[in-house]
Amino acid sequence: MLAAKVYVLLMIHFAFQGDNYKMADQLYNNKQYESSLKICNTEIPKLNEKDSLYEKFLSLRASNYMQIKDYDHSIDDYLTLIRIKPEKTMYYIGLSYLYGETLQYKKCIDILKLALSVNDTDIYVLNNLSYYSNQIGYYVDGMKYAAIGLKYANNSEWKGALLNNKGYSYIGLGKYQDALNDINESIRLNVDNSFAYCYRAIANIHLKRMQTVCDDLEKAKNLGAVSLTNELIKENCKN
């Protein structure tokens with residue numbers, strides 16, 4: 001009888017925490033990150049790592065920290081998530097983004113390679129490995145991971161992103177016409193990729209074909225690549 005009462009109390013407590021998670025998640029979706037964080041920080045210490053709600057609260061807290069740019073705390077939470085759920089590549093991807101944002105590219109690439117050992121066909125992992133390899137100047141690796149990713153890409157958005165990464169690799173290797181071939185195809189497949197217009201402009205600058213450079217840079221800027229294009233616009237579009 002006592003055991004049954006304890007079980008009922010535990011179920012009530014778990015349901016209450018579940019309601020709190022829904023509230024925290026709703027606050028996050030409404031961009032009320034600090035309020036969502038407050039609930040997460042209250043509930044997480046009450047939970048055992050093996051509870052399903054522990055993972056959910058921790059993942060939500062990591063996302064909240066990411067949104068307010070508290071990257072150190074978000075990194076700590078993602079490291080815990082990977083330790084308790086090493087089979088979930090989405091946590092490696094989240095951590096790779098944080099390492100990228102804090103310019104820790106070596107750690108970024110290492111964690112993505114670890115994710116690839118979990119799932120070697122994960123298109124998101126392959127795309128990020130290609131992009132961040134380029135960022136650190138490993139252009140041959142960037143091209144390699146883009147080529148592997150293209151084997152598994154099943155929609156135009158992913159194909160466009162990976163072709164753009166290949167174009168980025170070609171720019172790094174000084175093969176500007178090859179870069180244009182891939183980037184033009186990337187834009188055809190995904191017309192809203194701001195990076196593609198920026199990289200097309202860079203390739204054309206190197207080829208001294210300036211006719212479309214400023215239009216491409218403005219297009220990239222309008223699509224959100226403001227910091228990426230500011231200096232290029234100043235240097236090449238003075239009028």
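## Reading the core, the helices and the pairs

A: One place to begin is the largest nonpolar core, which has 64 residues, and inside which the residues with the most contacts are F57, Y78, I171 and L217. The general idea is that in soluble globular proteins nonpolar side chains tend to be buried together. Please keep in mind throughout that this is a predicted model.

Q: How many of the residues in the chain reach a pLDDT of 70 or more, and what is the mean?
A: pLDDT is the predictor's confidence in each residue, from 0 to 100. Here the mean pLDDT of the chain is 91, and 92% of its residues reach 70 or more. Among the elements of the chain, helix 4 (residues 71-84) has the highest mean pLDDT, at 98, whereas helix 1 (residues 2-29) has the lowest, at 63. Over residues 1-15 the pLDDT is below 50, and this stretch has two contacts in the model beyond near neighbours in sequence.

Q: Which residues does L217 touch, once those up to four places away in sequence are not counted?
A: Leaving out those neighbours, L217 touches C198, A201, T229, L232, I233 and C237.

Q: Which residues of helix 12 are buried, and why do they lie on the same side of the helix?
A: In helix 12 (residues 213-222) the buried residues are V213, D216, L217 and A220. They cover an arc of only 100 degrees around the axis, which puts them on the same side of helix 12. On the other side of helix 12, D215 and N222 are exposed. What covers the buried residues of helix 12 includes helix 11 (194-206) and helix 13 (226-236). After helix 12 comes G224, whose phi is positive, near 120 degrees.

Q: What should I look for in a salt bridge, and how many are there?
A: Side chains of opposite charge can pair when their charged atoms come close. Taking a side-chain nitrogen of Lys or Arg within 4 Å of a carboxyl oxygen of Asp or Glu as the rule, the count comes to nine salt bridges. One of them joins K106 and D110, whose side chains meet at 3.0 Å, N to O. Being four residues apart in helix 6, K106 and D110 are separated by about one helical turn. D110 itself is partly exposed, with a relative accessible area of 38%.

Q: Which parts of the chain does the salt bridge between E55 and K88 link?
A: The side chains of E55 and K88 meet in a salt bridge at 2.7 Å, N to O. This pair links distant parts of the chain, since E55 is in helix 3 (residues 52-67) and K88 in the loop between helix 4 and helix 5 (89-101), 33 residues apart. E55 counts as buried, at 10% relative accessibility, whereas K88 is partly exposed, with a relative accessible area of 28%.

Q: In the salt bridge between K46 and E43, is E43 buried or exposed?
A: The closest N and O atoms of K46 and E43 are 3.4 Å apart. At 4% relative accessibility E43 counts as buried, while K46 is partly exposed, with a relative accessible area of 47%.

Q: How many aromatic pairs are there, and how is their geometry read?
A: A pair can be described by the distance between its ring centres and the angle between its planes, and here the count comes to eleven aromatic pairs. The rings of Y78 and Y91 have their centres 6.3 Å apart and their planes at 50 degrees, so the pair is tilted. Because Y78 lies in helix 4 and Y91 in helix 5, the pair ties together parts that are 13 residues apart in sequence. Y78 and Y91 are both buried. The rings of Y131 and Y168 also form a tilted pair, with centres 6.2 Å apart and planes at 55 degrees. That pair links distant parts of the chain, with Y131 in helix 7 (residues 123-135) and Y168 in helix 9 (residues 156-172), 37 residues apart. Y168 counts as buried, at 12% relative accessibility.

Q: Which residues form one aromatic cluster?
A: One aromatic cluster is formed by Y105, Y131, Y132, Y139, Y168, F195 and Y199.

Definitions and conventions. Residues numbered from 1 in each chain as written. Predicted model: local features only at pLDDT ≥ 70, side-chain atom pairs only at ≥ 80, totals over all residues. Heavy atoms only, no water. Buried < 20%, exposed > 50% of the residue type's maximum accessible area, 1.4 Å probe, protein only. Helix = DSSP H or I, 4+ residues; strand = E, 2+ residues; numbered from the N terminus. Arc of directions from axis to C-beta. Contact = heavy atoms within 4.5 Å. Core = buried A, V, L, I, M, F, W, Y, C linked by side-chain atoms within 4.5 Å. Phe/Tyr/Trp six-rings, centres within 6.5 Å; stacked < 30°, edge-to-face > 60°.
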